[in-house]
Amino acid sequence: MYTEEIKRRRTFAIISHPDAGKTTLTEKLLLFGGAIQTAGAVKSNKIKKSTASDFMEIEKQRGISVATSVMNFEYNGKKINLLDTPGHKDFAEDVYRTLTAVDSVIIVVDCVKGVEEQTEKLMEVCRMRKTPVIVFINKLDREGRRPFELLDEIEDKLCIKVRPLSWPISMGSSFKGVYNIYNKSLNLFRPGGASIAEDVLAVDTISDRLLDERLGEYAFQLREDIALIEGVYEPFDRQRYLDADLAPVFFGSAVNNFGVKELLTTFTDIAPPPRSRLADTRVIHPDEKSFSGFVFKIHANLDPKHRDRIAFLRICSGKFERNKFFHHVRLGKDLKFRSPASFLAQEKSIIEEAYPGDVIGLYDTGNFKIGDTLTEGEKIMFQGIPSFSPEVFKEVINTDPMRSKQLEKGLLQLTDEGVAQLFIQQQGKRRIVGTVGELQFDVIQYRLLHEYGASCRFSPLNFSKACWITSHDPKKLEKFCEYRSSKLGEDKYGNPVFFSESDWELQRIRTDYPDIEFHFSSEINTGAPGLKEGIG
Ligand code: G4P
């Protein structure tokens, strides 16, 4: 029973560059899963305004995204957990960390625009963690780029081999439908999402006469394309997909609800159940009886009337039960949870138990920070939860010296929540906040004032990257730190960090100091430079 529960879970995220169709696809998947009944029930968590004065509005929109943070539904006997990710690039760190909590990913690519910047960055994280990915090429109802060209671009920019499992028959105004290579069927397109059962036809082989009857002149092109695919791409090998060596590709149109069911059915067939995870002392397998899980995201509500904080916990092994004591490893104390929540569209509901692969929301009064582990007593810390090098840096100027302690406390707690990263320079005298976008500075300033009564302003710095530095030769590292002291600081765990002003400068320094290693990511709960894969 317990093993069955684990085996039937599929925990994944949909990622894309904004506007490729992630929200639309999410909604269609939920409709198929019966989790929602009408289109429009899933609010886009795309943040529409991004000027400084609008950040409260942004938080309101983010509030909506909490409700839709983890959506679950049943399909084909599987329990699907779909983790939502914010669309705004200033929240990219949130997305990176959500990726540590999933077992696989669906990437949406717009067939007109091809692979875009944000998708490339997100894929880097998937590659690092060896997360299996499926690609959905969307918007085939538009005149897009040639399918073979798109596949080449995916291989090239996302650095992964691809294998089409469905194939489009023309596109744009003459889009006819897709041929499902995986289960040999023809799915005919009707604009407006009005597909009917007769539109899906089983096909014996690609030379089936039915194709000529239904597709006319387009059947010839389809046969040529399929012959080329079979010649160029190796047969689909599920193991290679699970090893993250190969990405199966589907084509469709999310807004027209076309190709989505095929994607979902194949996904439930091939996607991995909960995978093992690497902790500092050993690999944790999902079917171990003893409970373990980690916090990958904390959401704080800025609305003073509902100042609740929710810590999102991914269960890695064992069974979670409401009102049972679990061990908080970092704090060394036992905690129990009265109202652990699961989320569905706009609704939250209290759950009694949860299994590996599930994500639950724990109401928190300040016990948790990102990367924290809960167990039944074992002292482990999950690895591979990243802090990435921020891109915007500002010095914190305290504008109310009477409240220095509060400022210090606020900065530490907000950075524990993952809002930003804190660096320290000049023997503790200079505090630097690093983020991936401007938006976080407004959020921090507002929260410092309203939650900690501390006020500050931010003074921009000319840095564009912070790298954690190590060396096999401690003397060389020491020398480097001495010589470059104006560009050196520490993260909040005391690990040395080098600030560079440009890629060019960093490149030069790396050439000049071959014995120093520069890392663009670190472990969030220790600051240890570099990143473990996180999955055993
Ligand atoms: P995102 O979450 O990845 O940012 O994208 P989202 O689903 O919000 O989709 C972005 C836009 O692309 C939306 O249009 C959506 O309707 C459209 N779209 C999604 N799938 C398809 C498709 O298969 N074909 C076409 N032609 N368009 C598609 P919008 O005008 O920005 O919003 P809306 O007013 O339609 O909601």
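Student: Which residues are closest to the ligand?

Tutor: A residue is near a molecule if one of its heavy atoms lies within 4 Å of it. Here 17 residues surround the ligand, and the closest are D19, K22, T23, T24 and S253. This is a predicted model, where local features need pLDDT of at least 70, side-chain atom pairs count only at pLDDT 80 or more, and totals for chains, interfaces and linings use all residues. Numbering starts from 1 along each chain as its sequence is written, and side-chain values use heavy atoms, with hydrogens and water left out.

Student: How do the shell residues divide into nonpolar, polar and charged?

Tutor: Ala, Val, Leu, Ile, Met, Phe, Trp, Tyr, Cys and Pro count as nonpolar, Asp, Glu, Lys and Arg as charged, and the others, Gly among them, as polar. The shell has 4 nonpolar, 7 polar and 6 charged residues.

Student: Which polar side-chain atom of N138 or K139 lies how far from an oxygen atom of the ligand?

Tutor: Look for polar contacts, pairs of N or O atoms within 3.5 Å. N138 has a polar side-chain atom 3.1 Å from a ligand oxygen, and for K139 the distance from such an atom to a ligand oxygen is 3.1 Å. At A20, a backbone N or O atom sits 3.3 Å from an oxygen of the ligand.

Student: How much of the ligand does the protein bury?

Tutor: Accessible areas come from the Shrake-Rupley method with a 1.4 Å probe. Alone, the ligand exposes 710 Å², and the protein buries 66% of that.

Technical notes
Polar contact = N/O pair within 3.5 Å; in protein donor to acceptor, adjacent residues only side chain to side chain.
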